[in-house]
Amino acid sequence: MAVSQTQMTQLIDAARAARERAYAPYSKFAVGAALLDEQGRVHAGCNIENAAYPQGQCAEASALAHLVLAGGMRVLAAVVVGVADGPVTPCGGCRQKLREFAHDDDMPVWCADLREVRGRYTLGELLPASFGPAHLPSP
Ligand code: THU
């Protein structure tokens, strides 16, 4: 499904704004994410850490929670914003979480910092030969 440059720019802006809200007192590594749903809506989220370290939540998971709560069914595009030497790509677990709602393997996943887009990927590049709902027997 075609996603416009304007929509990608909206996602970048939303992910940067979400990153400002990150709760990351332990790693000090703020991340924002934004997702485009099938209705053209943008859902954003930030990472939320916890003193019990494994209970922390990634920005992508926060954004997915907002998408699902709003009634979104599909993710058409994703942007992750973080500041590092290279592109801040989604962690392995988040790649799988995004895959659950992705429209297809061609879904764009862009990684940006505060200045520019550092990496442009597809979900299929980040998570090839992935496991998904179709692998499960139908109920
Ligand atoms: N983080 C994310 O929010 N998304 C990712 O895909 C990579 C990592 C967060 C988790 C943790 O709060 C911090 O970045 C450092 O790992």
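**Labels and cut-offs**

Analyst: Arg-19 counts as buried, because its relative accessibility is 16% and buried means under 20% relative accessible area, exposed over 50%, partly exposed in between (1.4 Å probe, protein chains only). This is a predicted model: local features need pLDDT of at least 70, side-chain atom pairs count only at pLDDT 80 or more, and totals for chains, interfaces and linings use all residues. Residues are numbered from 1 along each chain as its sequence is written, and side-chain values use heavy atoms, with hydrogens and water left out.

User: What makes the contact of Glu-20 and Arg-19 a salt bridge?

Analyst: The N to O distance between their side chains is 4.0 Å. A salt bridge needs a side-chain nitrogen of Lys or Arg within 4 Å of a carboxyl oxygen of Asp or Glu. So the pair qualifies as a salt bridge.

User: Why does Glu-20 count as exposed?

Analyst: Its relative accessibility is 58%. The cut-off for exposed is over 50%, so Glu-20 passes.

User: How many salt bridges does the structure hold?

Analyst: Three. One of them joins Asp-37 and Arg-41 at 2.8 Å, N to O.

User: Is Asp-37 buried or exposed, and why?

Analyst: Buried, because Asp-37 has 0% relative accessibility.

User: Why is Arg-41 called partly exposed?

Analyst: Its value is 26%.
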